[in-house]
Amino acid sequence: GHPAVKSPHIDKLAQRGVRFDRAYTQYPICNPSRTSFLSGYRPGKGPNILRDTTWLPMHFLKSGYVVGTIAKVAHTPEMARLCGFEEYKKSNKDIAAKVRDFLAENKKKPFFLGIGLSQTHPGYQSLPQFRKLYPPEKITWEKEPPDIRAKVPPVAFEGFLNQNLDDAARRKHIASYWAAVSTLDSYVGAI
């Protein structure tokens, strides 16, 4: 992560697990990227192909694993069904408690658990104690190369990134995002 962002629990998890220093998303928007990761197909494949494939969680279910989801992992009831999730719930309430309950119930079984922590979606959700860590006026960034858009596919700038933010708005955006990452990190620590 970024050296200015306080994320001790994610950092600890990265030290204990496998860390990918050059991982890329398939698409800069949640649903297509998540669908790609769970289905194994790149974004843009038609719904019939997606309906006829074995999705990652369903593969685990067919292999004898307990499969569960907490919060927003599947975007639609159909996606939840294709994944083999028994319930379709998007609630972010008491995520850590739900994860602990799932782990306690399944500690002697192989499992796949999808956990949807959505704090870092635009409209960033953060707790006040983490907002205080990142005063917008102290946010800095390296200057982007003038030809950055020439070297990056246009789809990478869709959505929020397509806005031309002035420096003050950009600082506020970055500070909000960093506070959301630190909030998400606190949930990882609670889990």
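## A guided tour of the predicted chain

Begin by selecting helix H2, residues 30-39, whose buried residues are Ser33, Arg34, Thr35, Ser36, Leu38 and Ser39. Here buried means under 20% relative accessible area, with exposed over 50% and partly exposed in between, for a 1.4 Å probe and protein chains only. Helices (H or I, at least four residues) and strands (E, at least two) are DSSP runs, numbered from the N terminus. The model is predicted: local features need pLDDT of at least 70, side-chain atom pairs count only at pLDDT 80 or more, and totals for chains, interfaces and linings use all residues. Residues are numbered from 1 along each chain as its sequence is written, and side-chain values use heavy atoms, with hydrogens and water left out.

Contact means heavy atoms within 4.5 Å.

Move on to strand S1, residues 66-71, and select Ala71 within it. Ala71 is not a glycine, yet its phi is positive, at about 70°. Most residues other than glycine have a negative phi. Is Ala71 buried or exposed? Its relative accessibility is 5%, so Ala71 counts as buried.

Now select helix H1 (residues 8-16) together with helix H8 (residues 167-190). The axes of H1 and H8 come within 7 Å and cross at roughly 60°. H1 is therefore oblique to H8. Axes are lines fitted to C-alpha atoms, for helices over the stretch in contact, and angles run from 0 to 180 degrees between N-to-C directions. Angles under 35 degrees count as roughly parallel, over 145 as roughly antiparallel, 65 to 115 as roughly perpendicular and the rest as oblique. To view the meeting place, show Pro8, His9, Ile10 and Leu13 of H1, which meet Leu184, Asp185, Ser186, Val188 and Gly189 of H8.

Finally, display the whole protein chain. Its secondary structure comprises eight helices and two strands, in the sequence pattern α-α-α-α-β-α-α-β-α-α. The C-alpha atoms fill a box of roughly 50 × 40 × 30 Å, taken along the principal axes. The protein chain has 191 residues, of which 29% count as buried. Among contacts with a separation of 6 or more, 67% join residues 24 or more positions apart.
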